[in-house]
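Let's walk through this one together, question by question. Have a look at the sequence and the model first.

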Amino acid sequence: MVNSRRKLVFKVYIRFYYAAIILLEICFCSQFSMPSSDQFSKDPGALPVATNGEPFPWRELRLPSMVIPIHYDLSVHPNLTSLDFVASEQIEVLVRDATQFIILHSKDLEITNATLHSEEDLRYRKPGKRLNVLSYPAHQQIALLVPEKLLADLRYYVAIDFQAKLADVFQGFYKSTYRTLGGETRTIAVTHFEPTEARTAFPCFDEPLFKANFSIKIRRESRHIALSNMPKVKTIELEGGLLEDHFETTVKMSTYLVAYIVCDFTSVSGTTSSGVKVSIYASPEKWSQTHYALEASLKLLDFYENYFDINYPLPKLDLIAIPDFEAGAMENWGLITYRETSLLFDPKTSSASDKLWVTRVIAHELAHQWFGNLVTMEWWNDIWLNEGFAKYMELISITATYPELQFDDYFLEVCFEVIKRDSLNSSHPISNQAETPTQIQEMFDMISYNKGACILNMLKDFLSEEKFQKGVIHYLNKFSYRNAKNDDLWSSLSNNCLEGDLTSAGFCYSDSKRTSSMLTFQGENVEVKEMMATWTLQKGIPLVVVEREGRLLRLRQERFLGGVFKEDPEWRALQERYLWHIPLTYSTSFSKAIYRHVLKSKTDTLGLPENTSWVKFNMNSNGYYIVHYEGHGWDQLIAQLNQNHTLLRPKDRISLLHDAFQLVSAGRLTIDKALDLTRYLQHETNSLALLKGLGYLESFYRMMDRRNISDVTENLKHYLLQYFKPVIDRQSWSDEGSVGDRMLRSDLLRLACDLNHAPCIQKAAELFSQQMESNGKLNIPTDVLKIVYSVGAQTTGGWNHLLKKYELSVSGAERNKILYALTTSKDQEKLMKLIKLGMEGKTIKTQDLAVLLHTIARNPTGQKLAWNFVRENWAHLLKKFDLGSFAVRMILSGTTSHFSSKDELEEVKLFFESLKAQGSHLDVFQIILETISKNIKWLERNLPTLRTWLLVRT
Ligand code: BES
Ligand code: ZN
């Protein structure tokens, strides 16, 4: 993949090679022309060629470090009528090595003027020197050629005037629109720069390592307000009635965190205990949905200031709901942008799971204000230091501030989700090479986020809560306003500085105590760095195989492979050179004690302290590994669950369910054994354990239904309804109970109605018609709203009614539920209409297109429709989203990864080949192909057994 991209760049070089040689001869004579020979000792002919035909003096994708930015003075004037902006900047730079050019990032900007001042020029008010600007779009770079060499250790001031259109996509400085209740369409302008799009808004050193201070000025009309990272210092009135807001200078930060917005939004505000002003902004009619976000962000900001023992450094923090937003949210320092559904909470239509989502996104982005903003990864290869940490801090902060949301239990899913991905051969290490903007975007994936969070959780369990927190504080203090890499984190976390030796800044008084990163653990010396390297530099997840002989446990570690069986010829080669340092935990039937052991070799043995009927590993599911119990191990655990499941804690029961079905995919456990394990669920009262077991059965049902394997589909349906009837019938159609109860209710009733369970359909249809008759005045309990709408959407009248309701609703939470309901229709024409509306981007916004295609593809009636649409309209889709974006990756995997036949695999393969031939390549291609192959194998291996198992039980 990397190769094909490189080939492309190479071709560009070749094409310009000859032209470059000719031009070089001309340029060598000119005083503006070439960099000094020491900077280009290599073959000068290999230089790229700028758009004007001149040689471009820099050949790398990464910027040189001869010149570094210190301070940006940026003035921007967006025109929300003509949809463009004019801007100017002055960048103060420090020259580290003498040079004759400055390389900056700039993409799709029209540069109208560039000048250079030395410090002396400024002091004596001398005019600046005009700079020759070369542009090399393939690398999104410009070169400013200076007439005289810039001298080392001196500061210079680069002034640039530029302009561009407001972007029509979701990156850079882009336009977003919303409709008022009165039907008026209003436009706002907003930035989204991460990872590499600041360069489309202003020429800059657009790499995370180049931190600088920013002073921002925004021009606007009086009907608008302007927001940026910092508070406004003053507003100046300009000729013609325009206003110019000046914002305080930022702290030192990376370009991707800069933000500014011009809009007409209103806000609610509050103040944290330490005096930070927090405001929630939304379009005027959504003001009433901002209150929960304010409460949550105040609580969470207070929590983080205490946990990190470092105050949030800015005087204010704004959180703003943007009507058009591709991702979920973005952590711009002091001005966090959100998709509306990630920030707004409407008590009438937002469910328990919506509340959990909003809380999670707020917790995530606030965590970034430290992890990411204060301390930033050196380069995008370590983006997990930002994202994995922020994801992990969701768990720590929500458990502390909103225990009633029971997020601790839900965190298990974060790890289960990524295990599926990480057990494919197409996975990658957490720290992974990334150079081009597309590769960098692709780093924002489940491995960086979820696996990052899960291995941090495992490390915390290993180190203890206290040591982990201390290490985190140390890391944040040490690297504040700077950049860090993996090793820096491990050094901080393995710092066994004693409490009394810690300075307030988190450093040790005695350096000698900090030299070793060794930890003593049960008599062993365990090096954290060494251990964590096995989790971050190596892809995949280990399988721990446990075999018991009386009181002796034989342990073995392997690489766990989702779709490759041990008897497959490739299995052995895929195992080679994989070894983890696994911090094991285990417990026995004898006592509640948790034992620990670090497995560092391929095999090991352990002695059990007592006689026991069963052994369970990975207590509370804190470890990132799967466990297989050979011999009678599984039978003993199944017997215990059936006899008295409460002897095992809920998370242990959930992890047993999870591991068993993973082992089925890997061909290590027969499906009937895993299904036997689910039989105890009849007595299960824990919502998540129930949901987990039910989830597997439902996923088999969906697979059978999509493949039209009607006998098994029917039997599964029958089994599910018969077996879970007591718990389904216990559900009320209300919003009562704990968050766990409420989420279980939503899922159970949704499944019951999907399976055509008559009482469910009846009740939902009744509520739907009551609401229609009441002219929308009747409020339906939020947790069942989606189900009621889905049942309502099955008639043409209901579907049309819902589509109208969708257009009029000001609640994003409700709109999402309606849209989901609309996609469950069994009428292909209706589904096609939705896709058309999504492509048009008016009624259904482009931001929702990826989810729309994904949910249509989940519907057996829509699966082919969505897939064919994507194939046939690929070029059109790429005009809306970047190749490496979340959206494109979701569209591809959402419309294909459930396929489970050889024909479908071939179709997808062909399509990906054609994309590759056009020069597009994504990691997700291989992930999808492997996933489909895995599904095919799963069916081949398990269908006969599943069929027989069901026959006996239905
Ligand atoms: N930093 C990301 C936003 C982002 C994502 C920027 C991808 C560039 C590319 C932000 O912190 C984030 O992770 N957002 C998540 C939501 C979060 C709750 C996991 C998102 O947008 O999905
Ligand atoms: Zn994030």
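Q: How far apart are His364 and His368 in helix H5, counted in helical turns?

A: The general idea: an α-helix has 3.6 residues a turn, so residues three or four places apart point the same way. Here, His364 and His368 are separated by about one helical turn, because they sit 4 residues apart in helix H5 (residues 352-368). Helices (H or I, at least four residues) and strands (E, at least two) are DSSP runs, numbered from the N terminus.

Q: Before we go on, what sort of model and numbering is this?

A: This is a predicted model, where local features need pLDDT of at least 70 and side-chain atom pairs count only at pLDDT 80 or more, while totals for chains, interfaces and linings use all residues. Residues are numbered from 1 along each chain as its sequence is written, chains are lettered from A and ligands numbered from 1 in the order in which they are written, and side-chain values use heavy atoms, with hydrogens and water left out.

Q: Which protein atoms are donors of the zinc ion (ligand 2)?

A: Donors are N, O and S atoms within 2.8 Å of the metal (3.2 Å for Na, K and Ca); water is not among the atoms, so sites may look incomplete. For this zinc ion, they are NE2 of His364, NE2 of His368 and OE of Glu387, lying 1.9 to 2.1 Å from it. Along the chain, the donors follow the spacing H-x3-H-x18-E.

Q: Are His364 and His368 buried or exposed?

A: Buried means under 20% relative accessible area, exposed over 50%, and partly exposed in between (1.4 Å probe, protein chains only). His364 counts as buried because its relative accessibility is 6%, and His368 counts as buried because its value is 0%.

Q: Which side chains does the side chain of His364 make polar contacts with?

A: A polar contact is a pair of N or O atoms within 3.5 Å; within protein, one must be able to donate a hydrogen and the other to accept it, and residues adjacent in sequence count only if both atoms are side-chain atoms. The His364 side chain makes one with the side chain of Glu387 (3.1 Å) and another with that of Glu394 (2.7 Å). Plain contact means heavy atoms within 4.5 Å. Leaving out residues up to four places away in sequence, His364 touches Glu387, Ala390, Lys391, Glu394 and Tyr449.

Q: How do I read a sheet, say the one with the order S3-S7-S6?

A: Strands of a sheet pair through backbone hydrogen bonds, either parallel or antiparallel. Two strands pair if DSSP finds at least two bridges between them. This one is an open sheet of 3 strands with antiparallel pairing. Its edge strands, S3 (99-105) and S6 (132-136), each pair on one side only. S3 and strand S7 (residues 141-150) share 6 bridges, and Ile103 has Ala143 in S7 as its bridge partner.

Q: How many residues does the largest nonpolar core have?

A: In soluble globular proteins, nonpolar side chains tend to be buried together. A nonpolar core is a set of buried Ala, Val, Leu, Ile, Met, Phe, Trp, Tyr and Cys residues joined through side-chain atoms within 4.5 Å. The largest one here has 315 residues, and those with the most contacts inside it are Phe202, Tyr260, Phe617 and Leu892. Helix H31 (residues 923-953) gives the most to this core, with 13 residues.
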